[in-house]
Amino acid sequence: MEMEGIEHRTVNVNGIKMHVAEKGQGPVVLFLHGFPEIWYAWRHQIVAFAALGYRAVAPDLRGYGDSDAPASAASYTWHHVVGDIVALVDSLGVGRVFLVAHDWGAFVGWNFCLFRPDLVKAFVALSLPFRPRHPTTKPVQAMRAFLGDDYYMCRFQEPGAIESEIAKYDVAEVLKKLLTNRKPGPPILPKENPFEILPNASELPSWLSEADLRFYASKFGQTGFTGGLNYYRALDLNWELTAPWSGAQVKVPVKFIVGDLDMVYNTLGVKEYLHNGGFKKDVPLLEEIVVMEGVAHFINEERAEEINSHIHDFINKF
């Protein structure tokens, strides 16, 4: 993997220090990672888009990698995290950016587009579609009702609980299990050995090398997982804070890409929302939905070249 020329710096944004990786000159493409990842999730895209004449910028979101990680989950609301991204865009000295985001990064991206559409030329969302705010039911309550207490987002709620489970295992083994999971249904974490880590586990897939896994493990070994988990723990607080945007539409041009084996795509109600008109109603400038066959959740790594083509084909229109 050609990593030369990727520059790293720290930017003061919204009261925290944020680590940013970037390469290239030209229009800015801003890449937002998900859980459990860091800027490195976009290594293939950074190099490719720099070569295509763009300035590729990939931060570690708050709580991750070399960015600051406030201790309290209350510091991980959309107001905080989108505030970070607004300040980052301002620091880049450009009026608007192309936005590409995956998983929790896409969740951040949707809210960035909702709050500040004036800063986004176009948005390519990977894996996670827009999630409209339910007018009466908090998200964790709804998930417990429909998916049970062992659904992973519910299991992540109690501060310190899942961290103590992770601490029983090697960080690299936990990350390997999370990154290479191909069970298409909603993730359920049993009480014992929640990540189902087995001795003599399977080999890594071709898209994730031992060096990649070591790099991820080195960062999460230093920081732990609490920063990333705090996003899940702020879900209900976000519901309370976003009441003014209940029923609001996302009004930026969007392309959505998901794998047919993605756990999100196979969660109750998601396919119906995507394909039966609900998504288009909430995101009226949605131009295309791409469902890639034989691909799981970490789509930008598993099918990097195809994803690069999909992104470029879309943003090249603007």
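The legends below describe close-up views of a predicted model.

View 1. In soluble globular proteins, nonpolar side chains tend to be buried together.

**View 2. The surroundings of Phe123.** With neighbours within four places in sequence set aside, the contacts of Phe123 include Leu99, Ala101, Ala106, Gly109, Trp110 and Cys113. Phe123 is also in contact with Val252, Pro253, Val254 and Lys255, as well as with Phe314.

View 3. Helix α8 (residues 210-223) has 14 residues, which at 1.5 Å a residue should span 20 Å; the C-alpha atoms at its ends are 20 Å apart, in agreement. Asp212, Leu213, Tyr216, Ala217, Lys219 and Phe220 are the buried residues of α8. These residues lie on the same side of α8, because they cover an arc of only 165° around the axis. They pack against α1 (43-51), α7 (171-180) and α13 (299-302). On the face turned away from the buried side, α8 carries the exposed residues Arg214, Gly221 and Gln222. Just after the helix, Gly224 takes a positive phi of about 75°.

**View 4. The salt bridge between Lys219 and Asp66.** The side chains of Lys219 and Asp66 meet with an N to O distance of 3.0 Å. This pair links distant parts of the chain, 153 residues apart: Lys219 belongs to helix α8, and Asp66 to the loop between β4 (55-59) and α2 (78-92). Lys219 has 15% relative accessibility and therefore counts as buried. Asp66, at 37% relative accessibility, counts as partly exposed.

**View 5. The salt bridge between Glu163 and Arg233.** Here the side chains meet at 2.9 Å, N to O. Glu163 lies in helix α6 (residues 161-166) and Arg233 in helix α9 (residues 226-233), so that the pair links distant parts of the chain, 70 residues apart. Both Glu163 and Arg233 are buried.

**View 6. Other salt bridges.** The model has a count of 17 salt bridges. One of them joins Arg144 and Asp149, whose closest N and O atoms are 3.3 Å apart. Arg144 counts as partly exposed at 35% relative accessibility, and Asp149 counts as partly exposed at 49%. Arg9, Glu22 and Arg55 are linked in a network of salt bridges.

Note on methods
Residues are numbered from 1 along each chain as its sequence is written. This is a predicted model: local features need pLDDT of at least 70, side-chain atom pairs count only at pLDDT 80 or more; totals for chains, interfaces and linings use all residues. Side-chain values use heavy atoms; hydrogens and water are left out. Contact means heavy atoms within 4.5 Å. Helices (H or I, at least four residues) and strands (E, at least two) are DSSP runs, numbered from the N terminus. The expected span of a helix is 1.5 Å times one less than its number of residues. Buried means under 20% relative accessible area, exposed over 50%, partly exposed in between (1.4 Å probe, protein chains only). The arc is that of the directions from the helix axis to the C-beta atoms. A salt bridge is a side-chain nitrogen of Lys or Arg within 4 Å of a carboxyl oxygen of Asp or Glu.
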